[in-house]
Amino acid sequence: MGLRKVNAVVVGAGAGGGIVGKELAQAGLSVVLLERGKWYSAFDCRKDDLRNQRNSTLGNAFGPDDERDPRVVVDPSGRERIVRGSEGGYQNNAACVGGGTFSYGAMAWRYMEQDFRMRSVYGAVAGSTLEDWPISYDDLEPYYEKAEWEIGVSGDDTGNPFQSPRRKPLPMPPLAPTREHLILKPAALRLGLHPFDIPMLRNSVPYGGREPCMRCRWCVGFACEVDAKCGTHNTVIPKALATRNCELRTGAMAKEILTDERGRVTGVAYFDRDDRLQEQPADLVIVSGGAIESARLLLNSKSRLHPNGLGNRYDLVGRNLQGHTYAGANGLFEEAVYDDLGPGASIAICDYNHGNPGLVGGGLLANEFIRLPYQFVGQAPNHVPRWGKAHKDFMRHAYRRSIAIRGPAQEMPVFDSRVQADPAVKDYWDIPVARLSGGRHPHSIEVGNFLAAKAEAWLKEAGATYTWKSLPGPGLSAGQHQAGTCRMGKDPKISVVDPYCRVHGHDNLYVVDGSVHVTNGGFNPVLTIMAIAYYASAGLLRGWKGGGSS
Amino acid sequence: MPLRVFVTNRSKPPRRKFLGLVVTAAASAATVSCGGSRRPWRFLSSDEALTLSAVSERIIPTDQYAGAAGAGVVAYIDRQLNGPYRRFRKIYRQGLMAIDSASAARFSRRFAELTAEQADQLLKELEAGKLPPAIWDPAQAKSFFNLVVAHTMQGFYGDPRHGGNTDAVSWRMLGVPPLPLRGRWKYERPPWA
């Protein structure tokens, strides 16, 4: 009511929305970027090991709010419970300007060529909706490059023979290797593996007008004290605002996408920071809230012509929710291996991403980010009691002598792992909350177990005197790697958006975030989300013919 | 204005180690609490604090380094029970009472007066859900014990700013350097640095 019509409203200022906002604003479109969270800065780095996005024991540092944003989680036995943002099962990703990119670990992976055509490479998998993407690695390659150079990536993947071809090297060199790296590298080579420096969205040298990493141990889950982590909050969003074509509104909680009497999208209704309901008219609406919140917003946008929500004619919105099946191993060494050099994660292999006998897909393996003391408490092997003197002795002995290797196994999408709008539970603004249900495909667990065994073998070769595995459970996974709920495809009967992320049946509604991933690779997904955001923006701008009258 | 509040919170009374660590921590907490209450804790009663301290001390016992009691785990838990853990108040009240009841039934003593062996035996029964149902629902007892283990670990290994891990004792034990004094930290110098 009364808000001036703009060319585009983007819901969510994370990895996807930040880039779309900037691309459209630079092309001259007027853009409103809505973000439900706050705009934090390096000054908000509290280095609080019990209150951050990795360990939310005492709450989330950067949202969502424990009281305002509940979700309903249905476990495999059908029991449902209301969970708060900092509790397990919530599948949280930060709610703030930059989204997950503000506090992430910042691994910057390109998916491999095979990751875009899993169905063709491996065939159908029973009980899974495994499909090919409608676009290929080659389609995205220029946009991966754009993300690497515009947002900023350090690392050196020239030692990775499995990666799909790139035209341009990474813009920044890797950080100096950690002690773990120096121990693991020769061991990997002895095993015939191909170790290399992990690409990271983190400054190793001054880049983009910001400082390099100072190598503190509070990295993944924390704001960066020196602003060395590269997210959308300190790269593209400031650029978008500098065009003066983009307005960022924080504390803005989207309620629904508005349509006219013919079912055409006309804007977004949202609650502003003072909880007043606003209607922002726009020529285009781009939904970039992450796989769970984007699906929720589409499902909550009901009208006479769209009784089940927008884009949901075939009951597909919210389905195929997936993340990664994390697995790996810990190894205990005779000497101290801890060197207090952040971020910790430094060396990786892609030998097990594809071509594993009898398995569909696989995943990378990398040494883990630094385990802060309280995080390490739960990583003791099974034979160590959970409490008492033996546990304290284990902590004291093992903390500086252990290495952890983990990897994200590519998940087999499951049709019934899904996001719905809960029929009963509402959030602070009286909007139906996301209801999560389903679980992992058994094959995802098999692949995870395989990766754990390989991680263990690597640690043994590196000289670990004792090793123990970290194996995946059957529960739903989404979390910070959430994806798949509005999958991309050419056929409207089996996909929600077209290959340029436009919702089937709509000419001005887009979903641009991890939701559109058909499969999620055996890699951290953020660089792919960024590449798709550039790719979708380019497609959108090619078809842009100017705004309609207001 | 916020800066003023901040400085007030940071200033701590001098520590006096004359009545054991629990009492010391209790005394410093008393000066922080507002509203004129005479209780040393914000939520726990003195009896509850004594029991909780004894339980946590079995979870992380003292050796050449302080155990949970000496590291202020009770201060951590009491503070969180007034904050994000407000939702656990009821189970703490019931659970600590049940532990003392079980101890009285079995050994005719309060939990805090048991020997280490007796205390461990009772806690293992609690953990296994084998507490006599007449005292407390065994399933609830089990989940309460899990909660206390988790909270004790947090208070001992977590950041000292939350009330536990006094003088960063666990970090010194693990050989982890304390928070670096960089940038803004020079304005928020941690008390042990």
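Q: Is helix α1 of chain A enclosed or open to the outside, and why?
A: Start with burial: a residue is buried if 20 or more other C-beta atoms, placed from the backbone, lie within 10 Å of its own, exposed if 12 or fewer, and partly exposed in between. In this predicted model, eleven of the twelve residues of α1(A) are buried, so the helix is largely enclosed by the rest of the structure. Among them are A:Gly16, A:Ile19, A:Val20 and A:Leu24.

Q: What should I know about the numbering and the model before going on?
A: Residues are numbered from 1 along each chain as its sequence is written, while chains are lettered from A and ligands numbered from 1 in the order in which they are written. Since this is a predicted model, local features need pLDDT of at least 70 and side-chain atom pairs count only at pLDDT 80 or more, whereas totals for chains, interfaces and linings use all residues.

Q: What covers the buried residues of α1(A)?
A: Look for contacts, meaning residues whose C-beta atoms, placed from the backbone, lie within 7 Å. The cover includes β1 (6-11), β2 (31-35), α5 (236-242), β7 (246-250), β10 (277-287) and α10 (526-542) of chain A. Those labels are DSSP runs numbered from the N terminus: helices (H or I) have at least four residues, strands (E) at least two.

Q: How far does α1(A) reach from its first C-alpha to its last?
A: The expected span is 1.5 Å times one less than the number of residues. Residues 15-26 reach 17 Å, close to the expected 16 Å. Just after α1(A), A:Gly28 takes a positive phi of about 100°.

Q: In what order do the strands of the four-stranded sheet in chain A come?
A: Strands pair if DSSP finds at least two bridges between them. Here the open sheet runs β4-β3-β16-β15, with mixed pairing. β4 (80-83) and β15 (418-426) stand at the edges with a single partner strand each, so one side of each has no neighbour in the sheet. Four bridges join β3 (residues 71-74) to the antiparallel β4(A), and A:Val72 stands opposite A:Ile82.

Q: Which helix lies across β15 and β16 of chain A?
A: Angles run from 0 to 180 degrees between the N-to-C directions of axes, which are lines fitted to C-alpha atoms, for helices over the stretch in contact. Helix α6 (residues 290-300) lies across these strands, at about 60° to β15(A).

Q: What is the pairing in the seven-stranded sheet of chain A?
A: It is antiparallel, in an open sheet ordered β5-β6-β12-β13-β14-β11-β17. β5 (154-156) and β17 (466-470) are the edge strands, each pairing on one side only. Five bridges join β11 (residues 325-332) to β17(A), with A:Asn330 opposite A:Trp468.

Q: How many helices and strands does chain B have?
A: Chain B has eight helices and zero strands. Of its 193 residues, 42% count as buried.

Q: At what angle do the axes of α3(B) and α5(B) cross?
A: Two packed helices are described by the angle between their axes and the distance between the axes. These axes come within 10 Å and cross at roughly 75°. That makes α3(B) roughly perpendicular to α5(B), the word used for 65 to 115 degrees. The meeting residues include B:Leu52 and B:Val55 in α3(B), and B:Leu96 and B:Ile99 in α5(B).

Q: How many residues of chain B are in contact with chain A?
A: 26 residues of chain B are in contact with 23 residues of chain A. The elements giving two or more residues to chain B's side are α3 (46-59), α7 (138-157) and α8 (169-174).

Conventions:
Contact = placed C-beta atoms within 7 Å. Parallel < 35°, antiparallel > 145°, perpendicular 65-115°, else oblique.
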